[in-house]
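Let's take a walk through this model, starting with its aromatic rings and then moving on to one of its helices.

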Amino acid sequence: MAVERLFKDEATEEKGERARMASFIGAMAIADLVKTTLGPKGMDKILQSTGRGHSVTVTNDGATILKSLHIDNPAAKVLVEISKVQDDEVGDGTTSVVVLAGELLREAEKLVATKIHPMTIIAGHVTNSIGPYTMAQAIPPPYKGPHMNLVKALSVEEVPRGFRMAAECAREALLQRVMDNKEDAEKFKADLMKIAMTTLSSKILSQDKEHFAKLAVDAVMRLKGSTNLEAIQIIKKPGGSLIDSFLDEGFILDKKIGIGQPKRIENAKILVANTAMDTDKVKIYGARVRVDSMSRVAEIETAEKEKMREKVQKILAHGINCFVNRQLIYNFPEELFADAGILAIEHADFEGIERLALVTGGDIASTFDNPESVKLGHCQLIEEIMIGEDKLIKFSGVEMGQACTIVLRGASNHVLDEAERSLHDALCVLSQTVNDSRVLLGGGWPEMVMAKAVDELARKTPGKKSHAIEAFSRALIAIPTIIADNAGLDSADLVAQLRAEHHKEGSTAGIDVISGAVGDMAERGICEAFKVKQAVLLSATEAAEMILRVDEIITCAPRKREDRM
């Protein structure tokens with residue numbers, strides 16, 4: 001007996017071709033949304049919040065745009081997620097990974113329309129280090145049973161491994177053309193500068209990319225191979241222009257030194273704390289204290305002051321000359337600290353004190369009964385400095401020698417926010433490149449190298465496999481095509497010239513959007529990190545595979561609250 005209805009009334013389902021088309025359309029729409037931001041001449045998007053204040057963000061960062069959107073399509077959410085992962089892992093390529101995944105699905109849609117089964121295409125999406133041909137060992141043997149004739153056409157041996165072979169072939173082509181100057185310090189630093197300038201070329205900092213590339217490289221080189229960017233503090237101060245931004249050694253805290261406190265301390269011993277430094281009142285909600293005279297009120301106030309005095313004495317017993325607290329420090333304890341010649345800094349934001357504790361080598365304390373168990377922070381000098389019209393506190397000679405602060409100046413908070421995102425991307429890419437020093441040329445060169453290798457594989461491959469391999473090649477070539485389109489250039493002509501150039505052995509040709517022609521990427525110093533390109537290739541193919549596997553979309557009915565009245 002057939003089941004008439006499986007799901008509740010408000011649940012919906014889409015099957016087969018309808019579900020597949022919904023997934024394709026959603027994913028391609030997301031790719032089309034961000035592809036205009038790709039490349040040095042990419043456009044920006046304005047994101048306006050519908051919440052209180054209607055805050056505005058101006059950006060061309062793929063991850064920032066996508067995570068700000070409220071998306072209903074499930075396939076589109078997969079692409080949003082890979083963009084976030086790309087941002088977390090390597091910091092750059094967040095737009096490229098979404099655009100490549102969208103182009104792969106666009107080509108896959110054409111293959112599905114020609115009656116090539118989705119599983120045939122999927123088999124090519126999974127990249128693996130064991131190689132394209134030995135991967136056949138991981139596929140189960142063909143079915144051999146009583147209905148063999150019915151399933152013979154769908155036997156796994158007959159499934160073309162087009163995209164899988166193409167992706168592995170593309171990765172191998174890049175590996176053969178990487179450059180690695182790790183052993184030569186000067187050349188490696190030059191590579192880092194080129195990568196930083198290429199990364200910043202598509203950002204708001206492109207006009208001053210040499211200045212900011214130097215800031216980023218100097219900051220990352222101080223980390224000495226570490227990828228912990230917590231040691232690099234970024235402070236935004238409106239005023240001046242972007243070129244006024246600078247790198248300062250040590251740690252800068254965006255707070256002022258209080259009245260009557262020392263403005264300069266040498267050989268500082270710092271206690272970083274998160275504790276209440278207001279006068280200890282009865283902190284029970286709704287509590288009342290009844291007294292029969294004003295003298296009783298004075299006794300309570302005196303008791304509160306004595307309790308706070310004892311707490312301050314416990315803090316002073318640590319042998320410190322600087323006290324930094326996450327919470328407010330009220331007038332009475334601040335006066336006690338000033339009398340003792342202690343610099344007391346209040347209301348430091350939580351991220352600020354965590355980073356301060358990290359770079360000075362101290363712990364964040366909340367109780368002070370056992371001074372010997374508390375680890376103090378140390379630095380050579382604490383002083384007040386001026387940036388623009390604002391006073392800040394600078395900690396020089398901190399215990400973590402690689403700590404530094406980049407101070408960004410700019411015309412408005414919107415400019416500063418976008419400058420911070422751009423600089424953060426550059427810092428992430430550079431810190432990853434210090435660990436994995438392999439470098440590639442940029443400007444569409446990697447995509448053309450991969451596409452050429454994949455095209456050669458397609459010509460050697462018999463059967464339906466060749467269609468999937470050619471589709472993968474077309475998806476790769478879409479990246480330089482979009483870069484040229486976004487710059488207002490004739491993409492068809494430029495890509496045709498680029499193809500011709502890459503048929504020459506050892507070609508280094510790419511699209512130079514500044515001159516509007518095909519140029520030598522090695523001469524122009526346009527470089528990218530291999531790790532970024534590899535992450536784009538792997539993530540895009542895996543996301544496309546996941547979406548291609550879909551043959552049904554089930555939307556669950558919303559859960560209703562029970563009426564208990």
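In this predicted model, the count of aromatic pairs comes to two, taking rings whose centres lie within 6.5 Å. Look at phenylalanine 323 and phenylalanine 337: their ring centres sit 5.1 Å apart and their planes make an angle of 25°, so this pair is stacked, since planes under 30 degrees apart fall in that class. The two partners come from separate elements, with phenylalanine 323 in strand E9 (residues 322-325) and phenylalanine 337 in helix H11 (residues 331-339), so the pair ties together parts that are 14 residues apart in sequence. Phenylalanine 323 has 0% relative accessibility and therefore counts as buried. Phenylalanine 337, also at 0%, counts as buried too.

Lysine 305 lies over the face of phenylalanine 332, 5.3 Å from the ring centre.

Now for helix H3 (residues 74-89). With 16 residues at 1.5 Å each, it should span 22 Å, and its end C-alpha atoms are 23 Å apart, which agrees. Check out its two ends next. After H3 comes glycine 91, which has a positive phi, near 90°.

Which residues of H3 are buried? They are Ala75, Ala76, Val78, Leu79, Val80, Ile82, Ser83, Gln86 and Asp87. The cover over these buried residues includes helices H1 (16-34), H2 (62-67), H4 (94-113), H13 (413-435) and H18 (530-548).

Terms used: Residues numbered from 1 in each chain as written. Predicted model: local features only at pLDDT ≥ 70, side-chain atom pairs only at ≥ 80, totals over all residues. Heavy atoms only, no water. Phe/Tyr/Trp six-rings, centres within 6.5 Å; stacked < 30°, edge-to-face > 60°. Helix = DSSP H or I, 4+ residues; strand = E, 2+ residues; numbered from the N terminus. Buried < 20%, exposed > 50% of the residue type's maximum accessible area, 1.4 Å probe, protein only. Lys NZ or Arg CZ within 6 Å of the ring centre and 35° of its normal. Expected span 1.5 Å × (residues − 1). Contact = heavy atoms within 4.5 Å.
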